Amino acid sequence: MKTLLKINSSIFSNNGQSSLLAERFVVAWRKANPGATVIVRDLASTPVPHLDAARFGAFTAKPEERTVEQQVTVNYSDTLIAELKAADVIVLGLPMYNFGVPSTLKAYFDHIGRANHTFKYTEKGPVGLLTGKKAYVFATRGGLYKGTPRDTQTGYVHDFLSFIGITDVKFVYAEGLAISESSKRDSIAQAHREIGYITAPRPIAA
Ligand SMILES: Cc1cc2nc3c(=O)[nH]c(=O)nc-3n(C[C@H](O)[C@H](O)[C@H](O)COP(=O)(O)O)c2cc1C
């Protein structure tokens, strides 16, 4: 049975445009995968703390030397990583805020990017450990950036996911949401069509 992890990073929680697209995908995906498990991590209602020296120190302390507080921090990060490891499919709602990813998402990434847990260094360079997964990213923006050098989000999120082993990443965009009502309507309609196409049952090849 498959497991899907949905991560919302909109400050508007379930009501964000990115969350609504992510949820639309999940509803359609569920129909195609009856009995699958869906886990939701909403970074607005339960934000991940910002990484600081104390928290990073907990990650690097030897297990037998951790303080109780450090162990709590490690346990928290371990829980986030276990959730990801259990997922076959990752769905990420990704709004653009001030030309970047939501700070809550950065904090989340800072807690799952852990050496020997989600990646390891080898003589040939870093190797991601979370392989065999598929990620769908629903990117919503007020303006238009896709395919331009100002779209720093796509490269960053793709690079981070690849670094931890999630290399199969599909981006669906809804852009121009702040340009006009018609731009917003058309862009969301296009994203809905893409979701329909991605989740449509495929005929089995003979
Ligand atoms: C605090 C804030 C900052 C934003 N910054 C940008 C931006 O830099 N570029 C842009 O195109 N849109 C920007 N927007 C518009 C959002 O990308 C747009 O409203 C999108 O729908 C947000 O996704 P959400 O509804 O899932 O939160 C910003 C919106 C907010 C609330």
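Me: From a nitrogen atom of the ligand, how far away is a polar backbone atom of N98?

Reply: The model is predicted, with local features requiring pLDDT of at least 70 and side-chain atom pairs pLDDT 80 or more, whereas totals for chains, interfaces and linings use all residues. Residues are numbered from 1 along each chain as its sequence is written, and side-chain values use heavy atoms, without hydrogens and water. A polar contact here is a pair of N or O atoms within 3.5 Å. For the ligand nitrogen and the polar backbone atom of N98, the distance is 2.8 Å.

Me: Which side chain has an N or O atom 2.5 Å from an oxygen atom of the ligand?

Reply: The side chain of T140 has an N or O atom 2.9 Å from a ligand oxygen. The distance of 2.5 Å belongs to the side chain of S18.

Me: How much of the ligand's exposed area does the protein bury?

Reply: Accessible areas come from the Shrake-Rupley method with a 1.4 Å probe. Taken alone, the ligand exposes 630 Å², and the share buried by the protein is 75%.

Me: Where does the ligand sit?

Reply: A pocket is an open set of points on a 1 Å grid over the protein atoms alone, with protein on both sides within 12 Å along at least five of seven lines. A molecule sits in one if more than half of its atoms lie within 2 Å of its grid points. By that criterion, the ligand is placed in the largest pocket.

Me: How much space lies in the largest pocket?

Reply: Lining residues have an atom within 4 Å of a point. There are 15 of them for this pocket, with M96, T140, R141, G142 and L177 nearest its centre. The space in the pocket is about 220 Å³.

Me: Which helix gives the most to the lining of the largest cavity?

Reply: A cavity is a set of grid points where a 1.4 Å probe fits but cannot get out, and the largest one has a volume of about 80 Å³. Its lining comprises 14 nonpolar, no polar and no charged residues. Strand 3 (89–95), helix 4 (103–112) and strand 6 (134–140) each supply at least two lining residues. With four residues, the greatest contribution comes from helix 4.

Definitions and conventions. A polar contact is a pair of N or O atoms within 3.5 Å; within protein, one must be able to donate a hydrogen and the other to accept it, and residues adjacent in sequence count only if both atoms are side-chain atoms. Grid points are joined across faces, edges and corners, and a volume is the space filled by probe spheres set on the points. Ala, Val, Leu, Ile, Met, Phe, Trp, Tyr, Cys and Pro count as nonpolar, Asp, Glu, Lys and Arg as charged, and the others, Gly among them, as polar.
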